[in-house]
Amino acid sequence: MGTDLVSRLGTSRTAGSWVDSAGRPVVAVTDEKAADEVERAGAQAKMVRHSMSDLKSATATLRSAPRVPGTAWALDYKSNEVVVRGDSTVSASDWSRLTEVAEGIGGFVRMERTEGAFTTRINGAEPILSTAGRCSAGFNVTDGKTDFILTAGHCGPDGSVWFADDRGREQVGTSLKGSFPGDDYSLVKYDSGRAGEGADVVAVGDGKGVRITGVADPEVGQKIFRSGSTSGLRQGEVTALNATVNYPEGTVTGLIETNVCAEPGDSGGPMFADGVALGLTSGGSGDCAAGGTTFFQPVTKALTELGVKLIVAKQAGGGTGASPAPSASQGAASPASPGSSAPVTGEDVSGLLTRLTDPRNVGPGLLVIAGSLVALVATRWIRAEQDRKAYRQYYSATWG
């Protein structure tokens with residue numbers, strides 16, 4: 001409802017929407033007439049000074065300033081501000097220059113320093129990864145003829161070869177196309193052309209999973225789950241939308257900001273809520289011991305840009321979810337295999353959160369889409385058997 005009201009009233013009369021703690025939509029408005037329309041529709045109105053047009057104009061000015069790696073900004077609808085953050089890598093001089101830009105925009109730009117560093121959530125130091133590092137599969141998608149894994153774009157360039165084991169023996173697929181920086185998504189084409197049985201499931205550990213029934217854009221304040229091959233299943237909340245992050249590798253825009261934690265290796269993993277796909281893990285700061293901020297690539301944009309649809313579960317009555325795709329078995333799934341799914345029971349996933357995030361129940365590679373694929377991203381040259389041997393020799397030399 002909040003999103004629809006914002007769209008109808010326009011960017012000069014509104015400044016975003018969010019969901020309050022009771023689940024009621026709240027819309028920021030700039031005039032009394034807009035407030036009355038919001039209240040009549042059944043939502044709560046909050047009067048603010050600055051419109052969405054003002055907020056977006058501010059971010060445009062920030063983008064036009066000299067790029068500073070280690071900075072990020074997002075629209076805080078609740079406070080009616082643009083929040084600019086600088087991590088520990090940003091020098092005092094760079095921060096001072098960016099602060100001057102913010103002061104020139106106006107008092108609704110809030111400057112904050114944060115601990116840690118904004119990095120993509122990829123790690124090449126784990127003994128289960130290739131030279132490109134470890135990532136997590138996101139969601140299974142299809143173009144109607146071939147199935148793919150949707151994951152983060154920074155995990156590897158086009159042509160990267162993905163494996164399901166740490167020795168480069170079980171090849172799963174090859175990166176076909178994607179976008180990074182700018183956006184952060186990519187497709188991995190299955191070598192077999194098919195995702196396999198139960199491709200509509202996000203595995204969350206301990207033999208449990210969540211069936212994906214559709215795709216949507218999230219709301220600020222929405223409760224969400226994220227899973228990944230390093231830190232497992234985690235719970236959090238959407239804190240901002242349209243975030244921009246200046247990673248060392250480049251700038252990514254249009255991201256979802258959350259307070260859920262993530263760690264290196266969780267890149268590309270799925271964010272979802274109530275069986276609805278929302279995002280792909282991009283990057284952030286902090287970890288799951290101290291907490292932190294994690295940014296996600298919206299799934300809706302990735303699907304549109306790539307020309308694919310989400311593989312979703314059948315609905316009651318034989319229909320399909322929001323993104324029509326080949327259906328998967330509704331019964332007990334077979335043992336998880338790379339790129340397929342984990343068994344699903346009727347138990348509520350949210351009630352399992354504490355047990356599922358216990359490290360004893362989370363093994364490397366078990367908490368990814370479709371049986372929790374641990375994708376091993378290799379470089380373009382790992383193709384022939386001779387190259388595979390070279391890859392294994394490199395692995396032995398660097399990680400024992």
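How do the residues of the lining of the largest pocket divide into nonpolar, polar and charged? The lining has eight nonpolar, nine polar and four charged residues. The legends below describe a predicted model.

**View 1. The largest pocket and its lining.** About 500 Å³ of space lies in this pocket. Its lining holds 21 residues. Closest to the pocket centre are Thr3, Tyr77, Asp217, Leu241 and Asn242. Several elements give two or more residues to the lining. The helices among them are H1 (2-9), H3 (52-64) and H5 (299-306). The strands are S1 (14-19), S18 (232-247) and S19 (250-258).

**View 2. Strand S18 within the structure.** S18 spans residues 232-247 and contributes two or more residues to the lining of the largest pocket. Of its 16 residues, 12 are buried, so the strand is largely enclosed by the rest of the structure.

**View 3. S18 and strand S17.** Strand S17 covers residues 223-228. S17 and S18 pair in the antiparallel sense, over six bridges. Ile224 stands opposite Gly236 in S18. A hairpin links the two strands, with three residues joining S17 to S18.

**View 4. S18 and strand S19.** These two strands run antiparallel and are joined by six bridges. Asn246 faces its opposite number, Thr251, in S19. S18 and S19 form a hairpin. Two residues lie between them. Like S18, S19 gives two or more residues to the pocket lining.

**View 5. S18 and strand S4.** Strand S4 is made of residues 71-76. S4 pairs with S18 in the antiparallel sense, over three bridges. Ala72 stands opposite Val245 in S18.

View 6. Glu257 sits in strand S19. Is Glu257 buried or exposed? Its relative accessible area is 5%; the cut-off for buried is under 20%, so Glu257 counts as buried. Its side chain makes a polar contact with the side chain of Arg85, at 2.8 Å. Which residues does Glu257 touch, leaving out those up to four places away in sequence? They are Ala74, Arg85, Glu237, Val238, Thr239, Ala240, Ala243, Thr293, Thr294 and Phe295.

Technical notes. Residues numbered from 1 in each chain as written. Predicted model: local features only at pLDDT ≥ 70, side-chain atom pairs only at ≥ 80, totals over all residues. Heavy atoms only, no water. 1 Å grid on protein atoms, 1.4 Å probe; cavity = no way out; pocket = protein on both sides within 12 Å on 5 of 7 lines; lining within 4 Å. Points joined across faces, edges and corners; volume = space filled by probe spheres on them. Helix = DSSP H or I, 4+ residues; strand = E, 2+ residues; numbered from the N terminus. Nonpolar A, V, L, I, M, F, W, Y, C, P; charged D, E, K, R; others polar. Buried < 20%, exposed > 50% of the residue type's maximum accessible area, 1.4 Å probe, protein only. Pairing = 2+ DSSP bridges. Polar contact = N/O pair within 3.5 Å; in protein donor to acceptor, adjacent residues only side chain to side chain. Contact = heavy atoms within 4.5 Å.
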